[in-house]
Amino acid sequence: MSLLTDTAGAHAPAPASEKTSRGPRESRLSVVVATGFLAVIAVYMLLPVFWLVVSATKTQGDLVDTFGLWFSDFHLIDNLRALFTKQDGVFLPWLFNSLLYAGAGAAVGTLLSAMAGYALAKYRFRGREFLFSVVLGGVLVPATALALPLFLLFAKVGATNTFWAVFLPSIVSPFGVYLSRIFAAASVPDELLEAARIDGSGELRTFFTMAVRLMSPAMVTIFLFQFVVIWNNFLLPLVMLQDDRLYPVTLGLFTWQSQVSRDPSLQILSLTGSLVSVVPIVITFLVLQRYWKAGLAAGAVKS
Amino acid sequence: MTADRTAATAAPPAKTTTAPTPPRRRRNWAPAFFLLPFFIPFVLFTLVPVGYAFYQSLLKTERTGGTFGRKTTVFAGFEQYREVLGDSEFLGSVGRVLLFGLVQIPVMLLLALVLALLLDSTVARLKRFFRIAYFVPYGIPGVIAALMWAFLYDPRLSPVVELLDTMGSAPDFLGSSMMLWSIGNIVTWTYTGYNMLIIYAALQAVPSDIYEAARMDGASEAKIAWRIKIPILRPALMLTGVFSIIGTLQLFTEPQVLRSISTSVTSTYTPNLAAYSLASSDNYSEAAAMSVTLALATFVLSFGFLKFTGRKAES
């Protein structure tokens, strides 16, 4: 019945040790070949990241002159100082903007999605299936197809080049509604809602105190993936924003990179900046791993 | 776009067999209260722009009274679409992303499948570490991934090119013949781990008794993977496929970033780049017609793919 708890259970107790112990038949050779292959792919996945870490510690000169995959003079602190003071310290606002667009946008978006998904799963009303099909259609509309018309519409009300021009479109996640509906149907039992009603709890209170708690693994998953989508969104800020003080960090680094031919020092700075901007997102994912994996697994069962 | 790929995890609309007690009058407002906060922005920032793009695509801008005359916008029917479909650069860009998809998507999904199967099997070691390592690239924004790889492709800076040169000669990653595959490598690098995780999650959900029984009957690990696991994974693979198709047709960030260091990427390299450059030169109507055409092509291709793979599943 309860998808979420089932799959969370399947994940939690160290499946690795259980699995390695139960296969006595595999030969040493196949272990070596399989692990070797996995290791080669791991090198492919991690090498560019390692290169980025190494490069961020170099001077502009060493970046060109020394071998890229190993350290030379350690220059990271100076690079960081230069990074945060370049162009009157515009980098810090960029980071802050990204956190605001992605953090606040994903938080609001997750809440809206959870409410709508919950209503679509737990109430019966006229037009429910129609609304759900419209949402599903929305999932298939590519975000990039929306950027230009959104720009023209915001231009009509004179709202381009503002925080809201990037923030407001980001809070809409039809896909979040879709997932929320599945999760709400699976993890919020009707008996519990009925019991809450009999106890005299209002619909709102029932949702915010009970349903939200039951849906929380799903909500963490939706939050994280929407966070990544907004953090990665490039075209929308690119068309909407002219004022570089409003840029998210990705757009800022892109503009630096495209000016390297005029100002070569921007090269090492955009590398250091890339490293700095990647760290928070990777840490968030690793820290919240348990939650989003349970959510992802629960989704996968449904297919 | 990326989150939409999460759809692979989920599947056909949840069965809504839930039957709450007949609604009493006093809570009739509740669904509206829960739905409106989502649907108001959804209408404003998704449905209205779609409608507006379509409306815009039916117009054209004309100048009355010579080159410096007043600009007027008139209704033009499907003229812009005729323009778009006759635009050889646009058609070329569509062909380019189709070729890209035919090669890159199978490579990526096959790699993701093999990795997921190995991580789920009993033969590999250090599985926890590998799982995390493969997922790291997904956490890196597309712009930054492209910036990083741009450096690694650049013959003046790249240690990879340096190493390849000592072994023979490195290809010109930024040259026009390699460019499409250099972009393909960035996309593969970013999304393989993500797709692997979805496939892996689907595998983990299968009760292990099934494998246990197969092993008792003397089936090898490879046979279990081929005969039991891959058929179970069909829905997950179909959906990762669909979302990869959508992502491919929308390709924009990686080529746009590489444009800043290589002339091999033209302003009409992908359909989205073409639409973006048209809009930058104020030709909104044709840009809108391009976007609508592209969105329609995406619909047709993804439904076609689902239908094709779905039918094969039945037979």
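# Briefing: chains A and B of a predicted model

In chain B, UniProt places the feature "domain: ABC transmembrane type-1" at residues 94–305, in an unreviewed entry. The model described here is predicted. For chain A, UniProt lists a feature of that name, "domain: ABC transmembrane type-1", at residues 95–287, again from an unreviewed entry. The two chains touch through 91 residues of chain B and 97 residues of chain A.

**Annotated spans**

- Residues 94–305 of chain B are 75% helix and 0% strand, with 17 Å between the end C-alpha atoms.
- Residues 95–287 of chain A are 80% helix and 0% strand, and the C-alpha atoms at the ends of this span lie 20 Å apart.
- The unreviewed UniProt entry for chain A lists "transmembrane region" at residues 29–54, 99–121, 130–151, 163–186, 207–231 and 268–288.
- One of these spans, residues 99–121 of chain A, is 100% helix and 0% strand, and its end C-alpha atoms are separated by 31 Å.
- Another, residues 130–151 of chain A, is 91% helix and 0% strand, with its end C-alpha atoms 29 Å apart.

**Overall make-up of chain A**

- Chain A contains 17 helices and 0 strands.
- Chain A has 303 residues, of which 48% count as buried.
- Of the contacts in chain A between residues at least 6 apart in sequence, 76% join residues at least 24 apart.

**Domains of chain A**

- Chain A is divided into domain 1, residues 27–83, and domain 2, residues 90–302.
- The C-alpha centres of domain 1 and domain 2 of chain A are 31 Å apart.
- Domain 1 of chain A gives 10 residues to the contact, and domain 2 of chain A gives 12 residues.
- On the domain 1 side, two or more residues each come from helix H3 (28–56), helix H4 (60–65) and helix H5 (76–89) of chain A.
- The side of domain 1 of chain A that touches domain 2 comprises 7 nonpolar, 3 polar and no charged residues.

- The contact between the chains involves 91 residues of chain B and 97 residues of chain A.
- On the chain B side, helix H1 (residues 29–57) gives the most, with 16 residues.
- By class, the side of chain B that touches chain A has 63 nonpolar, 21 polar and 7 charged residues.
- H1(B) has 29 residues and spans 39 Å from its first C-alpha to its last, close to the 42 Å expected at 1.5 Å a residue.
- H1(B) carries a kink of about 45° at B:Leu36, shortly before the proline B:Pro37.
- The buried residues of H1(B) include B:Phe34, B:Leu35, B:Phe38 and B:Phe42, and also B:Gln56 and B:Ser57.

- Helix H15 of chain A (residues 249–258) is largely enclosed by the rest of the structure, because 8 of its 10 residues are buried.
- The buried residues of H15(A) are A:Val249, A:Thr250, A:Leu251, A:Gly252, A:Leu253, A:Phe254, A:Trp256 and A:Gln257.
- The cover over these buried residues includes helix H6 (91–122), helix H14 (235–240) and H16 of chain A, together with helix H5 (142–153) and helix H10 (253–259) of chain B.

**A:Ser270**

- A:Ser270 lies in helix H16 of chain A, which covers residues 265–287.
- A:Ser270 counts as buried because it has 24 C-beta neighbours inside 10 Å, against a cut-off of 20 or more.
- Beyond its neighbours within four places in sequence, A:Ser270 is in contact with A:Leu253, A:Trp256, A:Gln257 and B:Leu147.
- A:Ser270 and A:Gln257 are 13 residues apart in sequence, and their C-alpha atoms lie 6.4 Å apart.

**Positive phi angles**

- Most residues other than glycine have a negative phi.
- A:Asp88 has a positive phi of about 55° although it is not a glycine, and A:Asp88 is found in helix H5 of chain A.
- A:Asp88 counts as exposed because it has 8 C-beta neighbours inside 10 Å.
- B:Leu126, also not a glycine, has a positive phi near 55°, and B:Leu126 sits in the loop between helix H3 (88–120) and helix H4 (127–135) of chain B.
- B:Leu126 counts as partly exposed because it has 14 C-beta neighbours inside 10 Å.

Terms used. Residues numbered from 1 in each chain as written. Chains lettered and ligands numbered in written order. Predicted model: local features only at pLDDT ≥ 70, side-chain atom pairs only at ≥ 80, totals over all residues. UniProt positions renumbered as here; feature names shortened; annotations may be inferred. Helix = DSSP H or I, 4+ residues; strand = E, 2+ residues; numbered from the N terminus. Buried ≥ 20, exposed ≤ 12 C-beta atoms within 10 Å, placed from the backbone. Contact = placed C-beta atoms within 7 Å. Domains from an automatic or database assignment. Nonpolar A, V, L, I, M, F, W, Y, C, P; charged D, E, K, R; others polar. Expected span 1.5 Å × (residues − 1). Bend = angle between axes of the 7 residues up to and from the residue.
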